[in-house]
Amino acid sequence: MTTLAVKIGFVAIARPTFDVPLAEEMTARVRASLQSAGLSLYGPDALIMGDDGVQDAIAHFNDNPPDLLLVLQASFADSTMVHQIAEAIDAPLIMWALPEDRTGGRLRLNSFCGINLAGHALKRAGLSYDTIYDAPESDSAINKVRAHATAAAVKAKLKTARIGRVGENPAGFETCLFDANMLKKRIGVEVVQVDLQTVFAGARAVEPQKVAAVEAQVREQVAGIDEVDLAETRGTLSTYVTLNEMTEAQDLQGMAVRCWPEFFTDLGCSACGAMSMLTNNMKPASCEADVNGTITQLILQWISGEAAFGTDMVDFDVADDTAVLWHCGLAPLSMADPHSVPSAALHSNRKKPLLMQFPLKPGRVTIARLSEAGGELKMVIGGGEMLKRPMAFGGTSGTLRFDSGTQSAMDTILNEGLEHHVSITYGDHQETLMALAKQLKIPVLRL
């Protein structure tokens, strides 16, 4: 599991006409709570109460840009200081205001009024922000800062991400179409086109010792290798070596691969096992040249620190309130139910190896899709529980219970004309996805 390194710029503002000692105490508590939660803060130590402090903070953050800017309204202040900081620093902004005890005496901080004024000014100026109104030790406040900071770090990584697209999507799979120029402009991802025959030529030319090394590794993880055609299996393993080396040589963070029919008809093997291994090694791969699917996997992988699986939704049972997520055999091995043994398998229709066959492990999952349904870029976000059930279909599959209910999820998919692929990762990361969509200015559709 990997963790994103996130830099949070922290500024506390106040006015000297309010209770400065209390503002300092509350600032120290907020700082301590965030740091004890493992979040990295930097910025001015003292309260900022005037223009000199604002300019010093701006200069500091321009020299060392943050992923996220957190402004603590330690006491009331008008909108001037926040507005200056927000205009000068190109980073997502959260303003945090503090409740105070209703003592019947002096209003010592009046923090909420400060972010109210600032929010109005920022809206007028067309500047984005988010808010927290909570106590320094609030778990929900800390989780919100973490979610927005992680989203900001993912947004920054997307600006330099490169996805390899091998071949083109099959005819009739408009769900895998994408707008390369729009993706580059809106989120920063660059799509690198790769010729399918170049991959085939590379796979045929892979040195035997490289294939043997991968085969030895697979034999330790997957049962039944000797029960499938070994020559054809080595075609899949050679494909993995070729695609993996291509990601390194061209600095590609993921691959979207036209997996059929040519892999079966020209190379004589399946691409599924190769994509499973790539994804398991944190280089997400999707089939049918689904670029947006791969980008979604990459986003989920960065957020969760674990692999993400691009999957079809193939069956809905409203009475049982479950759905089946399935694909031929390209899920990462890290998602296998620990009580099962992954096995080598043939493609169910084309009868070629190598596929990874196993049921998905039970647990909480986040569901997402960077969608272009209806011609508009949007982020589809949902959650659910992967249940411990027998494998519904051969390949890699899992039985899911949507948080929203099976009927509602199915109706949304069909009525909105969504793509047939979604991506999943384990854990509940919906708040971070919502924050990322807001930072990217992409509308959200809840699944």
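Predicted model: local features only at pLDDT ≥ 70, side-chain atom pairs only at ≥ 80, totals over all residues.
View 1. Strand β14 covers residues 363–371, and β15 covers residues 378–387. The two strands run antiparallel and are joined by 9 bridges. Together β14 and β15 make a hairpin, with 6 residues between them. In the turn, G374 has a positive phi of about 75°.

**View 2. Strand β14 also pairs with strand β17.** The pairing of β14 with β17 (residues 421–426) is antiparallel and has 4 bridges. V365 has Y426 of β17 as its bridge partner. Is β14 enclosed or open to the outside? Of its 9 residues, 8 are buried, so the strand is largely enclosed by the rest of the structure.

**View 3. An open sheet is formed by 5 strands.** The order of the strands is β2-β1-β3-β4-β5, and their pairing is parallel. At the edges are β2 (40–42) and β5, each of which pairs on one side only. From one strand to the next, the twist averages 30°. Helix α2 (residues 51–63) packs on this sheet and touches β1 (7–13), β2 and β3. The direction of α2 makes about 180° with that of β1.

**View 4. Strands β4 and β5 pair in the parallel sense.** I94 is found opposite D130, a residue of β5. Helix α4 packs on the sheet here, in contact with β3, β4 and β5. Between the direction of α4 and that of β4 the angle is about 155°.

**View 5. Helix α4 spans residues 111–124.** Its 14 residues should span 20 Å at 1.5 Å a residue, and the C-alpha atoms at its ends are 21 Å apart, which agrees. Which residues of α4 are buried? They are S111, G114, I115, A118, G119, A121 and L122. Seen down the helix axis, these buried residues fall within an arc of 165°, so they line one face of α4. The face turned away from the buried side carries the exposed residues K123 and R124.

**View 6. Several elements cover the buried residues of α4.** Among them are the strands β3 (68–73), β4 (93–97) and β5 (130–133). Helix α3 (80–88) is also part of this cover. After α4 comes G126, which has a positive phi, near 75°.

Methods
Residues numbered from 1 in each chain as written. Heavy atoms only, no water. Expected span 1.5 Å × (residues − 1). Buried < 20%, exposed > 50% of the residue type's maximum accessible area, 1.4 Å probe, protein only. Arc of directions from axis to C-beta. Contact = heavy atoms within 4.5 Å. Pairing = 2+ DSSP bridges. Axes fitted to C-alpha atoms, helices over the stretch in contact; angles between N-to-C directions.
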